[in-house]
Amino acid sequence: MGVGKGWRVVWGDHNLALVHQQQHKQHLCWRWPAGTAAGQRRPISWSVVCGLMLFALGMISFFTGHVASDLEWYSQRLVKRTWYYKVDGGSRAPIDIWQSKLSKFYYGCSERGHYFAPAVREGFSNGYLLIGASGGLNQQRTGITDAVVVARILNATLVVPELDHHSFWKDDSDFVNIFDVNWFITSLAKDVTVVKRVPEKVMRSMEKPPYTMRVPRKSEPEYYLDQVLPILLRRSVVQLTKFDYRLANELDNELQKLRCRVNYHALRFTKPIRNLGQRLVMKMLKMATRFIAVHLRFEPDMLAFSGCYYGGGDKERYELGEIRKRWTTLPETSPDGERQRGKCPLTPHEVGLMLRALGFKNDTYLYVASGEIYGGEETLQPLKELFPNFYTKEMLASEELKPFLPFSSRLAAIDYIVCDESDVFVTNNNGNMAKILAGRRQESLLFS
């Protein structure tokens with residue numbers, strides 16, 4: 001993983017140059033000929049009118065950006081002349097769209113501080129914390145990360161978290177099937193004591209089953225100390241269910257670093273998943289020295305949850321409306337309003353147009369990480385036409401993939417590895433995987 005990973009987009013140079021040109025023309029248009037008296041104005045010439053129109057166009061371009069009805073036409077004509085180049089002291093230099101010069105400013109966030117106290121040993125902890133993570137792979141990953149931090153806050157011994165088997169994904173994989181459990185325990189030994197199960201003698205000594213509770217979302221550390229710790233001290237074992245986003249975003253700096261250590265170092269995939277993921281990376285690199293990974297969330301449930309409309313008519317409205325009924329608490333939204341707010345995932349076609357507009361040519365190799373695409377091949381076809389070198393895990397590893405096919409989380413883990421190793425990572429949504437991978441790719445620069 002090199003420092004070249006990243007995004008580089010230059011939006012403003014063309015607009016600024018255009019404004020400069022128009023301002024210069026406007027200055028020439030409004031110069032009065034020598035010898036003309038101030039009070040003797042001549043009729044406004046066509047050159048003056050043209051100058052005013054060009055100046056207005058420049059101002060519109062400066063404040064709103066160019067608007068083009070056909071983005072493909074726009075990308076082929078304007079991008080080649082502007083976004084590939086930057087103005088630097090009057091000279092023009094090519095821009096490498098594969099490499100971000102900002103990467104030199106990235107730094108790792110996970111190094112433990114000198115004064116961060118060592119983990120409390122099992123026998124001296126305040127009790128055992130059971131966690132039930134929920135959602136798909138990356139949502140569960142955030143839950144596991146926060147579970148470690150909560151155990152640290154409570155001075156508790158963490159039991160290896162249980163994964164959700166009843167969500168939309170219907171995956172019965174356990175922690176040990178996806179993550180290297182021994183690596184997880186060993187990596188966190190200095191921060192939190194983690195065990196595989198509550199000891200039998202502790203379970204036998206309990207008069208009642210473990211106390212079960214669900215904490216509010218994004219709870220502050222003080223909530224756990226005030227509401228959870230007294231129960232843990234009294235009952236020895238506490239189980240927190242539906243554990244996703246149950247810890248506040250803003251925490252003490254050392255606890256944030258612990259989050260990084262868990263998410264980007266302690267949560268290592270099992271060897272079979274790692275091996276297959278790396279084989280797919282090597283297959284992509286044999287075909288091209290560089291490739292883009294696109295995380296394409298366009299599954300029916302994703303679209304239904306978004307409340308957006310994608311042009312599929314009454315059939316789409318009915319199908320996604322039926323799926324949307326699964327979430328009884330979802331508010332009614334305006335599809336047009338959601339799109340104006342930028343809340344709608346991009347379609348595969350829109351992703352392709354965006355990449356072409358950024359300057360990636362049609363011979364660029366794409367690895368597309370996705371689940372079931374709503375509309376199937378018909379929906380994907382416009383993206384494939386824009387980028388014929390289009391590959392998925394199913395295309396690269398049809399036989400090797402068979403043991404993983406019944407398990408959506410393991411398939412997602414394979415996609416995660418390839419996306420992490422790509423030269424450029426692009427997503428059509430702002431979901432869990434996009435956020436985690438953005439942090440992972442920045443964190444990895446310190447250890448490259």
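## Basis and overall make-up

Local features of this predicted model require pLDDT of at least 70 and side-chain atom pairs count only at pLDDT 80 or more, while totals for chains, interfaces and linings use all residues. Residues are numbered from 1 along each chain as its sequence is written, and side-chain values use heavy atoms, with hydrogens and water left out.

The chain contains 18 helices and eleven strands (DSSP runs numbered from the N terminus: H or I of at least four residues for helices, E of at least two for strands). Of its 448 residues, 47% are buried (under 20% relative accessible area; exposed is over 50% and partly exposed lies in between, with a 1.4 Å probe and protein chains only). Among contacts (heavy atoms within 4.5 Å) between residues at least 6 apart in sequence, 77% join residues at least 24 apart.

Leaving aside residues up to four places away in sequence, Leu158 touches Leu129, Ile131, Ala147, Val148, Ala151, Val192, Thr193, Val194 and Val195.

## Helices α17 and α18

The axes of α17 (residues 408–421) and α18 (residues 432–444) come within 10 Å and cross at roughly 45° (axes are lines fitted to C-alpha atoms over the stretch in contact, with angles from 0 to 180 degrees between N-to-C directions).

On the α17 side, Asp415, Tyr416, Cys419, Asp420 and Glu421 meet Met433, Ile436, Leu437, Arg440 and Arg441 of α18.

Helix α14 (residues 348–358) is mostly covered, with eight of its eleven residues buried: Pro348, Val351, Gly352, Leu353, Leu355, Arg356, Ala357 and Leu358. Gly359 follows α14 and has a positive phi, near 115°.

Arg197 is found in the loop between β5 (194–195) and α7 (200–205). Arg197 counts as exposed because its relative accessibility is 59%. Although Arg197 and Leu130 are 67 residues apart in sequence, their C-alpha atoms are 9.0 Å apart in space.
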